[in-house]
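Trainee: I would like to go through this structure term by term. Can you hold each label up against its definition?

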Amino acid sequence: MKGKSRNGKRKGLMPLSLFVLLAIAALLAGTVTAVQGAEAESVTREVESPLSGEVFWVTLTINGELPLVVGIVETIPSGFSFPSSGVSTTPYSVSGREIAFAVIDEKEIKYKVIAPSSGEGTFTGTWADINCPLSKEKDIEIGGDSDVIVGSGGAGAPEKEATPTPTPTPAVPAVTKASRVVPVMEAEKESAMVFEDMDVSMIALKTDKNVSDVKVMVERIERTPDIPEPSGISYAYLDMKVENAEGAKVEGRVEFKIMKSWLVDNNIDEATVKLNRYDENEGWNALPTIKVGEDDDFVYFEAETPGFSTFAVTGEKKVEVEAVAKPTPAGAAPTPAATPSPTPASKVPGFEAIFAAVSLLIVYTKVFRKKGKGGDR
Amino acid sequence: MSAKQFDQTFLKFEMKKIISCCILVMVLLASCLSMAVVPVSAQDSVPSTEDEIEEVARAVLANEILLYLRAVYFDEEIGHLSLEELRESASYYPQYPRQITDSVDRTVTIYKPVERLVCTLSHHLEALRILDVSEDTIVGVPSDLNPVFFPEFVEKTDVGGEGGPWNPDVEMILAQEPEVVILPSCGGPYGYTADQETERLEAAGVTVLRFCFNQPETFSEELAKSGYIFEKEDKADEFIAWHEGILSSIEAKLSGVAKKKVYAEHWPYTISTADDDIIAAAGGEDIFAGIPEEADVETLINGNPDIVIRAVYMGETGYGLTPNPGVIGRLEGVRSEILTRATEHGWNKTAVDNESVYIISSELWTYLPASGCRPFVGQCYLAKWFHPDLFPELKPKDIHQTYLTEFQGLDIDLDEQGIFVYHPEEHPDGN
């Protein structure tokens, strides 16, 4: 096997085909084999809000399952610099405004940067997966925060992840995760922040006392099994968290948007769209939600929340005269589209209600009898 | 072949570059290099546990990644692996890379399991057999292998060249496309060192390991390092435990015991410093310790040795021979010549008076390549000869047999063949 060598004289490593043979042979012999580790999926950056002339941290998150082996090169903005020592605990090498990292089995690394007295700039970086097929591309751009303004505390553009978080709806926005830092919040004064290309387009916060460096994080998530489904048809689940509030009560307004196509495809009555907040003790609570506008693609809503945790955006199907509560076949899991809408009782004609009740009774009786027979055996 | 290392060519390149740079550039370079946290790679002890192996692998791999990034992204002119090479090595992480310091203080890195290996000396081959390294891995062997001792290797490609094992044919070695070549760390005849071969092979991208495998003081460490490199840690540990158990029991019994004065030659009045250590380890003191080549009679007379040892080369002794009258007669002839010479030259005192003149085969002595990894068997014989009262239970022949059967996998029965020692009363049959 020939290839590039140190000083250009080295023989290269073995071709991929030989790898496979080696792996098989080694399996048979019980020796060390080449094992393809879990590939790194993406690398995202989070930048602390820098103060004039101060040291601040940049965090790089490597997404993927261990074992991970990744090479990263970051370039910090002009005017910014590295401390003379102790830049990071991860093996690194610095050259000017560039820093290279050898990341092995770490999912998060941090490095220190010194901010100039003022100004702004953009972090850039690339990464290459090392523990992966030989042909995998390199020089993959690092996502997440990139722009930074000294003294503003407003670091970070929304994090653009390589693989958006899957959701139960087809409407996945371009950005699924973002964070903002509010340097100073005066008591009872609202501080608003805007998000682009996300389900949430704006969050306005209000605290009951003065606080600083409050961090707001928004992420589109999947519902976990320990959280029940909210009432209605779910459009998206969101994690909205506030950190560093120093014990202050934080409430706010959340502006979010829903794709018009989703409303149409699912026959959703936009008047029923709600932002629901989840509480471990109380379950889902529908928040006061109103429509505030629309454009060609989206309808915009705003909800008021007394706090921040897990949220769900839901809507209910339009009420149709022909609609009947069709019973779900026994043993079959209902799909969201087939889930009967919780129709207000006052709007259900008496005949349909009686018909539905009789139908359910028949199905219930059949299932009950089947189970009873099974139990006798 | 892909096992790589920081080779000497690279180091020389760096040196030339530094020397040629002006002070300002050096300062700038130093300031840049100082802003780096790189992992420690070479280690003092041999990694043996999974955690230790992983720790070294992590440090070495991280270092290689940084070298690659510095070369590719910082445009530094440094030797580095390609991305494909890094990815292949990483596919063996955390078992690889493996890194050791060989016996001439070179840092050697192995990036993946070794599949093609060349040996230029037979005792290296013997050490690999202790480790149970697959013979299929060994694609080139020394010249003049003893077919009795190395039956499975006689058909392999001979890389010895015209100069024999001490002057291997580098072109022939390269033709075998080895990933690793083991060269001697000890010197050979006529001032031979393997430095030139090392440089040529490394320039061709071959990883070179330099080991001696013949010196008692370094043998265990070299075997442990080789066990680690070739994923045979268990075999190395097993042998080292057995080997050191024997030697430490000898050492323990010799503690505080007066040393016997020893004269050892391998030709009339021709001596070597190579046997000083083995004599000392067996409870003796070479009266010519530190003196190479020639023994003078006056020192012999004044030194009055308690024991005389004569090393006899292969052909007259060794595996495959049987104690027939011809063989034993030749050894008796050698011994008689010593006794006659001692009488003629006036040093026929203690050793001669006591009949303490012993013949030992170079197969169990310290002269390469004949002695292989077996000087410890010779040491057992010496200890018993020097201090017979201390070692009534020591059975050098049994130890030799265990070594051949258990650790070399050889079907050699020492009751049926082999001439290794001679003394008319203690070892009349040469074993």
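Mentor: Start with the disulfide: a pair of cysteine sulfur atoms within 2.5 Å. This is a predicted model, in which local features need pLDDT of at least 70 and side-chain atom pairs count only at pLDDT 80 or more, while totals for chains, interfaces and linings use all residues. Residues are numbered from 1 along each chain as its sequence is written, chains are lettered from A and ligands numbered from 1 in the order written, and side-chain values use heavy atoms, without hydrogens and water.

Trainee: What makes B:C186 and B:C212 a disulfide?

Mentor: Their S to S distance is 1.8 Å. The limit is 2.5 Å, so the pair qualifies. A search of the whole structure finds one disulfide over all chains.

Trainee: Why is the disulfide of B:C186 and B:C212 given a hand, and which one?

Mentor: The torsion about the S-S bond is about -135°, so this disulfide is left-handed.

Trainee: How do you know that the pair links distant parts of the chain?

Mentor: B:C186 and B:C212 are 26 residues apart. B:C186 sits in the loop between strand 6 (180-184) and helix 7 (195-203) of chain B. B:C212 sits in the loop between strand 7 (207-211) and helix 8 (216-229) of chain B. Helices (H or I, at least four residues) and strands (E, at least two) are DSSP runs, numbered from the N terminus.

Trainee: How do you know that strand 4 and strand 6 of chain B pair?

Mentor: Two strands pair if DSSP finds at least two bridges between them. Strand 4 (residues 117-119) and strand 6 of chain B have three, and they run parallel. B:V118 stands opposite B:V181 in strand 6. The open sheet here has the order 5-4-6-7 (chain B), with parallel pairing.

Trainee: What makes strand 5 and strand 7 of chain B edge strands?

Mentor: Strand 5 (138-140) and strand 7 each have a single partner strand, so one side of each is left without a neighbour in the sheet. Neighbouring strands of this sheet are turned by 35° against each other on average, direction ignored. Helix 7 of chain B lies across strand 6 and strand 7, at about 160° to strand 7.

Trainee: What is the strand order in the five-stranded open sheet of chain B?

Mentor: The order is 10-8-12-13-14, with mixed pairing. Strand 10 (284-286) and strand 14 (421-422) stand at the edges with a single partner strand each, so each has one side without a neighbour in the sheet. Strand 12 (residues 307-312) and strand 13 (residues 357-361) of chain B run parallel, joined by five bridges. B:V308 has B:V357 as its bridge partner there. Helix 12 (residues 325-345) of chain B packs on this sheet, and its direction makes about 135° with that of strand 12.

Trainee: Why are helix 9 and helix 14 of chain B called roughly parallel?

Mentor: The axes of helix 9 (residues 233-254) and helix 14 of chain B come within 10 Å and cross at roughly 20°. Axes are lines fitted to C-alpha atoms, for helices over the stretch in contact, and angles run from 0 to 180 degrees between N-to-C directions. Angles under 35 degrees count as roughly parallel, over 145 as roughly antiparallel, 65 to 115 as roughly perpendicular and the rest as oblique. Helix 9 and helix 14 of chain B are therefore roughly parallel.

Trainee: Which residues make the contact between helix 9 and helix 14?

Mentor: Contact means heavy atoms within 4.5 Å. Helix 9 of chain B brings residues including B:F239, B:W242 and B:I246. Helix 14 of chain B brings B:F376, B:Q379, B:C380 and B:A383. The contact residues divide into eight nonpolar, two polar and no charged.

Trainee: How do you know how helix 15 of chain B is oriented against helix 9?

Mentor: Their axes come within 12 Å and cross at roughly 180°. That makes helix 9 roughly antiparallel to helix 15 of chain B.

Note on methods: Nonpolar A, V, L, I, M, F, W, Y, C, P; charged D, E, K, R; others polar.
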